[in-house]
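Hi everyone, thanks for making time this morning. I'd like to walk you through one model, going from a single residue out to the sheets and helices and back again.

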Amino acid sequence: MNYTSTRNSGLNVTSAHAITKGLSDEGGLYVPESVPAFSEKELLGMSDMSYADRAFEVFSRLLTDFTPEEIRHCVDSAYNDKNFDSDNIAEITRLTDGKFILELWHGPTCAFKDMALQILPYLLTTSAKKTVDGKHIAILVATSGDTGKAALEGFKDVDGTSIAVFYPEDGVSPMQKRQMTTQEGGNVFVSAVKGNFDDCQNGVKAIFTDKSIAEKLAENDILLSSANSINWGRLAPQIVYYISSYVELVKNKEIKFGDKINVVVPTGNFGNILAAYYAMLMGIPVNKLICASNSNNVLTDFINTGVYDRNREFHTTVSPSMDILISSNLERLLYHFTGCDDSLVRDWFGKLKEQGRYEVNDAVKTKLSELFYAGCCSDEETKAQIKATFSEHSYLLDTHTAVAVKVYEDYIKATGDKTPTVIASTANPYKFGRAVYEAVGGKAVCDDEFDLISHLEQETGTKMPAPLAATRNKQVRFTGSVEKQDMGETVLGFLGK
(Lines give C-alpha, C1' and ligand atoms only; values in the text may rest on other atoms or scores of the structure.)
Protein backbone atom coordinates (compact mmCIF):
# COMPACT_ATOMS: atom_id res chain seq x y z
CA MET A 1 0.00 0.00 0.00
CA ASN A 2 1.39 3.37 -1.03
CA TYR A 3 0.80 6.98 -0.04
CA THR A 4 -0.06 10.13 -1.92
CA SER A 5 -0.21 13.84 -1.04
CA THR A 6 -3.26 15.91 -0.19
CA ARG A 7 -2.00 18.53 -2.66
CA ASN A 8 -0.66 16.19 -5.36
CA SER A 9 -2.73 13.06 -5.91
CA GLY A 10 -0.34 11.98 -8.66
CA LEU A 11 2.34 11.31 -6.07
CA ASN A 12 2.94 7.67 -5.16
CA VAL A 13 5.42 6.83 -2.39
CA THR A 14 6.04 4.10 0.16
CA SER A 15 5.20 4.47 3.83
CA ALA A 16 8.94 4.61 4.59
CA HIS A 17 9.31 7.59 2.26
CA ALA A 18 6.27 9.34 3.82
CA ILE A 19 7.56 8.82 7.36
CA THR A 20 11.10 9.92 6.56
CA LYS A 21 10.03 13.09 4.72
CA GLY A 22 7.19 14.05 7.04
CA LEU A 23 5.78 16.67 4.68
CA SER A 24 5.46 16.48 0.90
CA ASP A 25 7.55 18.93 -1.17
CA GLU A 26 4.55 21.04 -2.22
CA GLY A 27 3.37 21.34 1.39
CA GLY A 28 0.75 18.59 1.31
CA LEU A 29 0.29 15.85 3.90
CA TYR A 30 0.82 12.19 3.10
CA VAL A 31 -2.29 10.00 3.16
CA PRO A 32 -2.87 6.34 2.28
CA GLU A 33 -4.10 5.81 -1.27
CA SER A 34 -6.68 3.45 0.22
CA VAL A 35 -7.40 2.45 3.80
CA PRO A 36 -7.33 -1.30 4.49
CA ALA A 37 -10.22 -2.65 6.56
CA PHE A 38 -10.17 -5.53 9.02
CA SER A 39 -12.81 -8.24 8.82
CA GLU A 40 -15.02 -9.03 11.81
CA LYS A 41 -13.04 -12.23 12.36
CA GLU A 42 -9.74 -10.34 12.33
CA LEU A 43 -10.96 -7.75 14.83
CA LEU A 44 -12.41 -10.38 17.15
CA GLY A 45 -9.08 -12.18 16.94
CA MET A 46 -7.41 -9.15 18.51
CA SER A 47 -9.49 -9.40 21.70
CA ASP A 48 -7.02 -11.59 23.57
CA MET A 49 -3.92 -9.90 22.16
CA SER A 50 -1.57 -7.57 24.00
CA TYR A 51 -1.45 -3.92 22.96
CA ALA A 52 1.84 -4.52 21.13
CA ASP A 53 0.30 -7.42 19.21
CA ARG A 54 -2.69 -5.31 18.22
CA ALA A 55 -0.30 -2.60 17.06
CA PHE A 56 1.56 -5.22 15.01
CA GLU A 57 -1.67 -6.14 13.21
CA VAL A 58 -2.52 -2.50 12.41
CA PHE A 59 0.98 -1.60 11.20
CA SER A 60 1.18 -4.77 9.09
CA ARG A 61 -1.64 -3.33 6.98
CA LEU A 62 -0.52 0.30 6.97
CA LEU A 63 3.25 -0.17 6.50
CA THR A 64 3.41 -2.83 3.85
CA ASP A 65 7.00 -2.00 2.84
CA PHE A 66 8.18 -2.96 6.35
CA THR A 67 9.06 -6.60 7.00
CA PRO A 68 7.23 -8.44 9.80
CA GLU A 69 10.52 -8.51 11.71
CA GLU A 70 10.91 -4.73 11.41
CA ILE A 71 7.36 -4.08 12.62
CA ARG A 72 7.81 -6.50 15.51
CA HIS A 73 11.00 -4.72 16.55
CA CYS A 74 9.23 -1.34 16.48
CA VAL A 75 6.15 -2.33 18.49
CA ASP A 76 7.98 -4.40 21.09
CA SER A 77 10.57 -1.67 21.63
CA ALA A 78 7.87 0.94 22.21
CA TYR A 79 4.99 -0.75 23.99
CA ASN A 80 6.46 -2.40 27.08
CA ASP A 81 6.58 -2.02 30.85
CA LYS A 82 9.78 0.00 30.70
CA ASN A 83 8.04 2.81 28.84
CA PHE A 84 4.52 2.57 30.29
CA ASP A 85 3.30 2.12 33.86
CA SER A 86 0.37 -0.03 32.72
CA ASP A 87 0.50 -3.50 31.21
CA ASN A 88 -2.46 -2.49 29.04
CA ILE A 89 -0.55 0.59 27.77
CA ALA A 90 -3.89 2.41 27.35
CA GLU A 91 -6.25 2.00 30.31
CA ILE A 92 -10.04 2.20 30.08
CA THR A 93 -11.91 3.52 33.12
CA ARG A 94 -15.68 3.04 33.33
CA LEU A 95 -17.06 6.34 34.60
CA THR A 96 -20.75 5.42 34.36
CA ASP A 97 -22.84 2.99 32.31
CA GLY A 98 -21.80 3.47 28.71
CA LYS A 99 -19.28 6.24 29.46
CA PHE A 100 -15.63 5.26 29.32
CA ILE A 101 -12.44 7.27 29.82
CA LEU A 102 -9.60 6.09 27.58
CA GLU A 103 -6.46 6.98 29.55
CA LEU A 104 -3.71 7.69 27.05
CA TRP A 105 -1.22 9.15 29.53
CA HIS A 106 0.54 6.17 31.14
CA GLY A 107 3.78 6.76 29.24
CA PRO A 108 7.01 8.50 30.26
CA THR A 109 5.77 12.08 29.78
CA CYS A 110 2.21 11.53 31.07
CA ALA A 111 0.47 12.66 27.87
CA PHE A 112 -1.23 10.92 24.95
CA LYS A 113 1.60 11.91 22.63
CA ASP A 114 3.67 9.09 24.17
CA MET A 115 1.40 6.58 22.47
CA ALA A 116 2.89 7.65 19.13
CA LEU A 117 6.21 9.21 20.06
CA GLN A 118 7.55 6.16 21.84
CA ILE A 119 7.34 4.25 18.55
CA LEU A 120 8.09 7.03 16.04
CA PRO A 121 11.89 6.92 16.54
CA TYR A 122 11.85 3.23 15.61
CA LEU A 123 9.55 3.81 12.64
CA LEU A 124 11.67 6.73 11.47
CA THR A 125 15.09 5.10 11.78
CA THR A 126 13.76 1.96 10.06
CA SER A 127 12.26 4.11 7.29
CA ALA A 128 15.46 6.14 6.89
CA LYS A 129 17.54 3.01 6.33
CA LYS A 130 15.20 2.09 3.49
CA THR A 131 15.16 5.50 1.84
CA VAL A 132 18.08 7.74 2.83
CA ASP A 133 20.55 5.42 4.53
CA GLY A 134 23.57 7.32 5.75
CA LYS A 135 21.89 10.71 6.12
CA HIS A 136 21.47 12.44 9.45
CA ILE A 137 17.79 13.07 10.30
CA ALA A 138 16.96 16.44 11.86
CA ILE A 139 13.55 16.39 13.56
CA LEU A 140 11.66 19.69 13.80
CA VAL A 141 8.74 20.03 16.21
CA ALA A 142 6.25 22.78 16.93
CA THR A 143 4.45 22.10 20.19
CA SER A 144 1.59 23.49 22.19
CA GLY A 145 2.95 21.60 25.17
CA ASP A 146 2.79 17.81 25.13
CA THR A 147 4.25 16.87 21.74
CA GLY A 148 7.51 18.63 22.52
CA LYS A 149 8.39 16.68 25.65
CA ALA A 150 7.16 13.39 24.23
CA ALA A 151 9.25 13.88 21.06
CA LEU A 152 12.32 14.93 23.04
CA GLU A 153 12.01 11.88 25.26
CA GLY A 154 11.50 9.56 22.31
CA PHE A 155 14.44 10.86 20.24
CA LYS A 156 16.99 11.72 22.95
CA ASP A 157 20.38 10.22 22.03
CA VAL A 158 18.92 8.19 19.13
CA ASP A 159 21.81 7.58 16.74
CA GLY A 160 21.68 9.50 13.47
CA THR A 161 19.11 12.02 14.67
CA SER A 162 18.85 15.50 16.16
CA ILE A 163 15.68 17.15 17.42
CA ALA A 164 14.73 20.82 17.78
CA VAL A 165 11.51 21.78 19.59
CA PHE A 166 9.79 25.18 19.49
CA TYR A 167 7.03 26.14 21.92
CA PRO A 168 5.02 29.39 22.42
CA GLU A 169 6.70 31.47 25.10
CA ASP A 170 3.56 32.06 27.15
CA GLY A 171 1.41 29.23 25.79
CA VAL A 172 2.32 26.13 27.83
CA SER A 173 1.77 25.16 31.46
CA PRO A 174 4.64 25.53 33.98
CA MET A 175 4.99 21.75 34.18
CA GLN A 176 5.05 21.35 30.39
CA LYS A 177 7.74 24.03 30.16
CA ARG A 178 9.79 22.43 32.91
CA GLN A 179 9.57 19.03 31.24
CA MET A 180 10.99 20.46 28.01
CA THR A 181 13.61 22.83 29.37
CA THR A 182 15.16 20.18 31.63
CA GLN A 183 15.35 17.59 28.84
CA GLU A 184 18.44 15.41 28.86
CA GLY A 185 20.23 14.21 25.74
CA GLY A 186 23.13 15.33 23.60
CA ASN A 187 21.11 15.68 20.40
CA VAL A 188 18.27 17.88 21.66
CA PHE A 189 17.46 21.59 21.45
CA VAL A 190 14.53 23.54 22.90
CA SER A 191 13.51 27.16 22.33
CA ALA A 192 10.55 29.36 23.15
CA VAL A 193 9.06 31.44 20.34
CA LYS A 194 7.72 34.94 20.85
CA GLY A 195 4.24 34.14 19.60
CA ASN A 196 1.52 31.50 19.83
CA PHE A 197 1.42 27.88 18.68
CA ASP A 198 0.29 28.79 15.18
CA ASP A 199 3.42 30.95 14.84
CA CYS A 200 5.53 27.95 15.89
CA GLN A 201 3.73 25.62 13.49
CA ASN A 202 3.89 28.04 10.57
CA GLY A 203 7.58 28.61 11.27
CA VAL A 204 8.35 24.90 11.15
CA LYS A 205 6.36 24.47 7.92
CA ALA A 206 8.25 27.42 6.40
CA ILE A 207 11.58 25.77 7.23
CA PHE A 208 10.45 22.59 5.49
CA THR A 209 9.64 24.44 2.28
CA ASP A 210 12.67 26.81 2.36
CA LYS A 211 14.89 25.70 -0.54
CA SER A 212 17.95 27.58 0.72
CA ILE A 213 17.80 25.77 4.06
CA ALA A 214 17.25 22.45 2.31
CA GLU A 215 20.31 23.04 0.13
CA LYS A 216 22.54 23.91 3.08
CA LEU A 217 21.46 20.79 4.91
CA ALA A 218 21.72 18.57 1.84
CA GLU A 219 25.35 19.62 1.42
CA ASN A 220 25.96 18.09 4.83
CA ASP A 221 23.82 14.96 4.34
CA ILE A 222 21.12 16.21 6.71
CA LEU A 223 17.45 15.55 6.00
CA LEU A 224 14.60 17.36 7.74
CA SER A 225 11.68 15.39 9.15
CA SER A 226 8.86 16.06 11.59
CA ALA A 227 7.53 14.52 14.78
CA ASN A 228 4.31 16.55 14.64
CA SER A 229 1.14 14.79 13.60
CA ILE A 230 1.63 16.10 10.07
CA ASN A 231 3.99 13.08 9.87
CA TRP A 232 2.13 9.87 9.05
CA GLY A 233 4.46 8.04 11.44
CA ARG A 234 2.93 10.11 14.26
CA LEU A 235 -0.66 9.64 13.14
CA ALA A 236 -0.67 5.91 12.35
CA PRO A 237 0.13 4.84 15.95
CA GLN A 238 -2.84 6.85 17.19
CA ILE A 239 -5.17 4.68 15.09
CA VAL A 240 -4.04 1.70 17.15
CA TYR A 241 -5.48 2.84 20.46
CA TYR A 242 -8.96 3.36 19.06
CA ILE A 243 -9.01 -0.09 17.49
CA SER A 244 -7.54 -1.54 20.69
CA SER A 245 -10.09 0.18 22.92
CA TYR A 246 -13.00 -1.14 20.86
CA VAL A 247 -11.87 -4.77 20.99
CA GLU A 248 -11.04 -4.33 24.70
CA LEU A 249 -14.62 -3.18 25.39
CA VAL A 250 -15.89 -6.22 23.50
CA LYS A 251 -13.54 -8.47 25.48
CA ASN A 252 -14.80 -6.98 28.76
CA LYS A 253 -18.42 -7.48 27.65
CA GLU A 254 -19.13 -3.75 27.91
CA ILE A 255 -20.40 -3.84 24.31
CA LYS A 256 -21.17 -6.55 21.75
CA PHE A 257 -19.15 -6.71 18.58
CA GLY A 258 -20.90 -4.64 15.93
CA ASP A 259 -22.26 -2.13 18.45
CA LYS A 260 -21.43 1.40 17.41
CA ILE A 261 -19.58 3.74 19.75
CA ASN A 262 -19.15 7.49 19.98
CA VAL A 263 -15.64 8.85 20.33
CA VAL A 264 -15.07 12.20 22.05
CA VAL A 265 -11.74 13.95 21.55
CA PRO A 266 -10.43 17.26 22.91
CA THR A 267 -8.61 18.52 19.88
CA GLY A 268 -6.67 21.44 18.48
CA ASN A 269 -4.59 20.18 15.56
CA PHE A 270 -7.23 17.55 14.62
CA GLY A 271 -4.78 14.62 14.57
CA ASN A 272 -6.22 12.69 17.51
CA ILE A 273 -9.79 12.75 16.24
CA LEU A 274 -8.62 12.08 12.68
CA ALA A 275 -7.02 8.87 13.96
CA ALA A 276 -10.47 7.81 15.21
CA TYR A 277 -11.81 8.46 11.70
CA TYR A 278 -9.13 6.19 10.22
CA ALA A 279 -9.95 3.54 12.83
CA MET A 280 -13.55 3.71 11.64
CA LEU A 281 -12.42 3.21 8.03
CA MET A 282 -10.41 0.19 9.19
CA GLY A 283 -13.52 -1.44 10.63
CA ILE A 284 -14.45 0.01 14.03
CA PRO A 285 -18.21 0.75 14.14
CA VAL A 286 -18.61 4.48 14.91
CA ASN A 287 -21.79 6.46 15.43
CA LYS A 288 -20.43 9.98 16.05
CA LEU A 289 -17.02 11.60 16.30
CA ILE A 290 -17.43 14.40 18.83
CA CYS A 291 -14.92 17.21 18.48
CA ALA A 292 -14.41 19.19 21.69
CA SER A 293 -12.77 22.63 21.66
CA ASN A 294 -11.96 25.28 24.22
CA SER A 295 -12.46 29.03 23.62
CA ASN A 296 -10.34 28.72 20.46
CA ASN A 297 -13.39 27.23 18.80
CA VAL A 298 -12.42 27.44 15.13
CA LEU A 299 -13.12 23.71 14.66
CA THR A 300 -16.52 23.95 16.33
CA ASP A 301 -17.55 26.71 13.96
CA PHE A 302 -16.14 24.88 10.96
CA ILE A 303 -17.92 21.59 11.64
CA ASN A 304 -21.18 23.41 12.29
CA THR A 305 -21.02 25.82 9.32
CA GLY A 306 -18.47 24.56 6.80
CA VAL A 307 -16.57 27.85 7.09
CA TYR A 308 -13.03 27.76 8.45
CA ASP A 309 -12.01 31.21 9.64
CA ARG A 310 -8.86 31.78 11.67
CA ASN A 311 -9.42 35.57 11.62
CA ARG A 312 -10.44 35.73 15.26
CA GLU A 313 -9.06 36.47 18.69
CA PHE A 314 -6.55 33.95 20.00
CA HIS A 315 -7.22 32.88 23.59
CA THR A 316 -4.65 31.59 26.08
CA THR A 317 -6.56 29.03 28.14
CA VAL A 318 -6.14 26.48 30.92
CA SER A 319 -6.10 23.79 28.22
CA PRO A 320 -3.07 25.10 26.29
CA SER A 321 -2.49 22.05 24.08
CA MET A 322 -5.72 23.02 22.31
CA ASP A 323 -4.84 26.70 21.86
CA ILE A 324 -4.64 26.43 18.09
CA LEU A 325 -6.34 28.29 15.23
CA ILE A 326 -4.83 26.39 12.29
CA SER A 327 -5.67 22.68 12.51
CA SER A 328 -3.24 21.03 10.13
CA ASN A 329 -4.69 17.51 10.07
CA LEU A 330 -8.07 18.76 8.91
CA GLU A 331 -6.48 18.84 5.46
CA ARG A 332 -6.31 15.04 5.43
CA LEU A 333 -10.00 14.67 6.29
CA LEU A 334 -11.04 17.12 3.58
CA TYR A 335 -8.92 15.28 1.02
CA HIS A 336 -10.85 12.09 1.78
CA PHE A 337 -14.22 13.86 1.97
CA THR A 338 -13.73 15.41 -1.49
CA GLY A 339 -12.97 12.05 -3.08
CA CYS A 340 -9.23 12.82 -3.19
CA ASP A 341 -9.64 16.12 -5.06
CA ASP A 342 -6.21 17.71 -4.64
CA SER A 343 -7.20 20.81 -6.62
CA LEU A 344 -9.99 21.63 -4.16
CA VAL A 345 -7.63 21.09 -1.22
CA ARG A 346 -5.01 23.36 -2.80
CA ASP A 347 -7.63 26.03 -3.40
CA TRP A 348 -9.03 25.94 0.15
CA PHE A 349 -5.68 25.92 1.91
CA GLY A 350 -4.34 28.55 -0.44
CA LYS A 351 -7.22 30.76 0.67
CA LEU A 352 -6.50 29.91 4.30
CA LYS A 353 -2.91 31.09 3.88
CA GLU A 354 -3.77 34.23 1.93
CA GLN A 355 -7.14 35.28 3.39
CA GLY A 356 -7.35 33.32 6.63
CA ARG A 357 -10.58 31.57 5.69
CA TYR A 358 -12.27 29.18 3.26
CA GLU A 359 -15.66 27.54 2.88
CA VAL A 360 -16.13 23.91 1.80
CA ASN A 361 -18.79 22.78 -0.64
CA ASP A 362 -22.21 21.38 0.22
CA ALA A 363 -21.16 17.76 -0.27
CA VAL A 364 -18.44 18.10 2.35
CA LYS A 365 -20.78 19.99 4.69
CA THR A 366 -23.21 17.06 4.51
CA LYS A 367 -20.51 14.53 5.33
CA LEU A 368 -19.34 16.64 8.26
CA SER A 369 -22.83 16.88 9.73
CA GLU A 370 -23.47 13.15 9.32
CA LEU A 371 -20.34 11.94 11.11
CA PHE A 372 -19.24 14.79 13.40
CA TYR A 373 -20.64 16.75 16.29
CA ALA A 374 -18.74 19.76 17.62
CA GLY A 375 -18.92 21.84 20.74
CA CYS A 376 -16.77 24.10 22.89
CA CYS A 377 -16.56 25.45 26.41
CA SER A 378 -14.93 28.23 28.42
CA ASP A 379 -12.24 27.98 31.09
CA GLU A 380 -14.91 28.44 33.76
CA GLU A 381 -16.96 25.56 32.36
CA THR A 382 -13.81 23.43 32.10
CA LYS A 383 -12.97 23.95 35.77
CA ALA A 384 -16.59 23.36 36.78
CA GLN A 385 -16.51 20.02 34.96
CA ILE A 386 -13.32 18.99 36.78
CA LYS A 387 -14.99 19.76 40.11
CA ALA A 388 -18.25 18.01 39.22
CA THR A 389 -16.54 14.85 37.94
CA PHE A 390 -14.33 14.63 41.01
CA SER A 391 -17.27 15.24 43.36
CA GLU A 392 -19.51 12.69 41.67
CA HIS A 393 -17.02 9.98 40.69
CA SER A 394 -13.79 10.68 42.66
CA TYR A 395 -12.08 10.86 39.26
CA LEU A 396 -9.65 13.69 38.55
CA LEU A 397 -9.68 15.10 35.02
CA ASP A 398 -7.03 17.25 33.42
CA THR A 399 -8.09 20.50 31.76
CA HIS A 400 -8.24 19.00 28.26
CA THR A 401 -10.19 15.86 29.11
CA ALA A 402 -12.58 18.08 31.08
CA VAL A 403 -13.34 19.98 27.87
CA ALA A 404 -14.21 16.66 26.22
CA VAL A 405 -16.46 15.57 29.10
CA LYS A 406 -18.26 18.93 29.16
CA VAL A 407 -18.88 18.91 25.41
CA TYR A 408 -20.10 15.30 25.65
CA GLU A 409 -22.55 16.29 28.39
CA ASP A 410 -23.81 19.07 26.10
CA TYR A 411 -24.16 16.53 23.28
CA ILE A 412 -26.28 14.25 25.47
CA LYS A 413 -28.56 17.14 26.40
CA ALA A 414 -28.93 18.13 22.74
CA THR A 415 -29.49 14.66 21.28
CA GLY A 416 -30.44 12.18 24.00
CA ASP A 417 -28.05 9.75 22.31
CA LYS A 418 -27.21 6.81 24.60
CA THR A 419 -24.63 5.16 22.36
CA PRO A 420 -21.68 3.79 24.41
CA THR A 421 -19.01 6.47 24.36
CA VAL A 422 -15.22 6.52 24.64
CA ILE A 423 -13.74 9.82 25.81
CA ALA A 424 -10.06 10.29 24.99
CA SER A 425 -8.17 11.43 28.08
CA THR A 426 -5.09 13.17 26.78
CA ALA A 427 -3.01 14.07 29.84
CA ASN A 428 -2.47 13.39 33.50
CA PRO A 429 -4.08 16.16 35.60
CA TYR A 430 -0.77 16.94 37.33
CA LYS A 431 0.58 18.41 34.10
CA PHE A 432 -1.82 21.28 34.72
CA GLY A 433 -1.65 21.34 38.50
CA ARG A 434 -2.58 24.95 39.21
CA ALA A 435 -5.75 24.96 37.11
CA VAL A 436 -6.85 21.55 38.41
CA TYR A 437 -6.17 22.56 42.02
CA GLU A 438 -8.21 25.74 41.63
CA ALA A 439 -10.98 23.72 39.96
CA VAL A 440 -11.42 21.36 42.91
CA GLY A 441 -11.61 24.30 45.29
CA GLY A 442 -8.03 24.86 46.30
CA LYS A 443 -6.63 28.33 46.83
CA ALA A 444 -3.43 28.87 44.85
CA VAL A 445 -1.53 30.78 47.52
CA CYS A 446 1.99 29.85 46.34
CA ASP A 447 3.94 30.38 43.13
CA ASP A 448 6.11 27.27 43.34
CA GLU A 449 4.61 24.60 41.08
CA PHE A 450 5.69 21.69 43.26
CA ASP A 451 4.44 23.24 46.50
CA LEU A 452 1.09 23.78 44.82
CA ILE A 453 1.06 20.19 43.58
CA SER A 454 1.59 18.93 47.12
CA HIS A 455 -1.58 20.84 48.08
CA LEU A 456 -3.40 19.19 45.16
CA GLU A 457 -2.31 15.76 46.38
CA GLN A 458 -3.62 16.52 49.86
CA GLU A 459 -6.88 17.98 48.55
CA THR A 460 -7.72 15.02 46.31
CA GLY A 461 -5.93 12.03 47.81
CA THR A 462 -4.21 11.45 44.47
CA LYS A 463 -0.52 11.33 43.63
CA MET A 464 1.68 13.08 41.10
CA PRO A 465 3.19 10.55 38.65
CA ALA A 466 6.86 9.72 39.13
CA PRO A 467 8.01 11.13 35.74
CA LEU A 468 6.65 14.56 36.66
CA ALA A 469 8.00 14.45 40.20
CA ALA A 470 11.44 13.64 38.79
CA THR A 471 11.66 17.02 37.03
CA ARG A 472 11.79 18.84 40.36
CA ASN A 473 15.53 18.39 40.83
CA LYS A 474 16.57 18.47 37.18
CA GLN A 475 18.70 21.31 35.87
CA VAL A 476 17.09 23.75 33.43
CA ARG A 477 19.16 23.50 30.22
CA PHE A 478 17.23 25.67 27.78
CA THR A 479 16.22 29.25 28.57
CA GLY A 480 16.24 31.10 25.24
CA SER A 481 13.47 32.49 23.08
CA VAL A 482 13.49 33.60 19.44
CA GLU A 483 11.41 35.72 17.11
CA LYS A 484 9.25 33.62 14.79
CA GLN A 485 11.09 34.87 11.70
CA ASP A 486 14.41 33.66 13.16
CA MET A 487 13.44 30.02 13.60
CA GLY A 488 15.21 28.90 10.41
CA GLU A 489 18.52 30.45 11.38
CA THR A 490 18.13 29.01 14.86
CA VAL A 491 17.76 25.50 13.44
CA LEU A 492 20.83 25.96 11.23
CA GLY A 493 22.79 27.20 14.24
CA PHE A 494 21.75 24.18 16.31
CA LEU A 495 22.84 21.87 13.51
CA GLY A 496 26.10 23.81 13.11
CA LYS A 497 25.42 24.90 9.52
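Let's begin with N294, which counts as buried because its relative accessibility is 0%; buried means under 20% relative accessible area, exposed means over 50%, and partly exposed is in between, with a 1.4 Å probe and protein chains only. Before I go further, a word on where this comes from. This is a predicted model, in which local features need pLDDT of at least 70 and side-chain atom pairs count only at pLDDT 80 or more, while totals for chains, interfaces and linings use all residues. Residues are numbered from 1 along each chain as its sequence is written, and side-chain values use heavy atoms, with hydrogens and water left out.

Back to N294, which sits in the loop between β11 and α13. Those labels are DSSP runs numbered from the N terminus: helices are H or I with at least four residues, strands are E with at least two. What does N294 touch, once neighbours within four places in sequence are set aside? The list is T317, S319, M322, D323, C376, C377 and V403, where contact means heavy atoms within 4.5 Å. Two of these partners also show up as polar contacts: the side chain of N294 meets the side chain of S319 at 2.9 Å, and the side chain of D323 at 2.9 Å. For that term we need a pair of N or O atoms within 3.5 Å; within protein, one must be able to donate a hydrogen and the other to accept it, and residues adjacent in sequence count only if both atoms are side-chain atoms.

Now the sheet. An open sheet is built from 6 strands in the order β4-β5-β15-β10-β11-β14, with mixed pairing; two strands pair if DSSP finds at least two bridges between them. Which strands are at the edges? They are β4 (91–96) and β14 (372–376), each pairing on one side only. From one strand to the next, the twist averages 25°. Inside the sheet, β5 (residues 99–103) and β15 (residues 421–425) pair in the parallel sense over 5 bridges, and K99 stands opposite T421 in β15.

Two helices pack on this sheet. Helix α12 (residues 271–281) touches β10 (261–266), β11 (286–293), β14 and β15, and its direction makes about 175° with that of β11. Helix α13 (residues 298–305) touches β11 and β14, at about 140° to the direction of β14.

Another helix pair is worth a look. Helix α17 (residues 379–393) and helix α18 (residues 399–415) pack at about 90°, with their axes 8 Å apart. That makes α17 roughly perpendicular to α18, a label that covers 65 to 115 degrees; under 35 is roughly parallel, over 145 roughly antiparallel, and the rest oblique. E381, T382, Q385, I386 and T389 from α17 meet T399, A402, V403, V405, K406 and E409 from α18.

Next, strand β9 (residues 222–226). How many of its residues are buried? The count is 5 of 5. I222, L224 and S226 point one way, while L223 and S225 point the other way. In a regular strand the side chains alternate between the two faces of the sheet. Strand β6 (residues 136–142) runs parallel to β9, joined by 5 bridges, and I139 has S225 as its bridge partner in β9.

The largest nonpolar core has 136 residues, and Y79, Y242, I243, Y358 and F372 touch the most other members. A nonpolar core here is a set of buried Ala, Val, Leu, Ile, Met, Phe, Trp, Tyr and Cys residues joined through side-chain atoms within 4.5 Å. Helix α11 (residues 232–251) gives the most to this core, with 12 residues. Apart from it lies another core, of 35 residues, including I290, A402, V405 and Y437.

Last stop: E42, in helix α2 (residues 40–45). Buried or partly exposed? E42 is partly exposed, at 33% relative accessible area. Its side chain reaches the backbone nitrogen of S39 at 2.8 Å and makes a polar contact with the side chain of R61 at 3.1 Å.

That's my tour; happy to take questions.

How values were computed: Axes fitted to C-alpha atoms, helices over the stretch in contact; angles between N-to-C directions.
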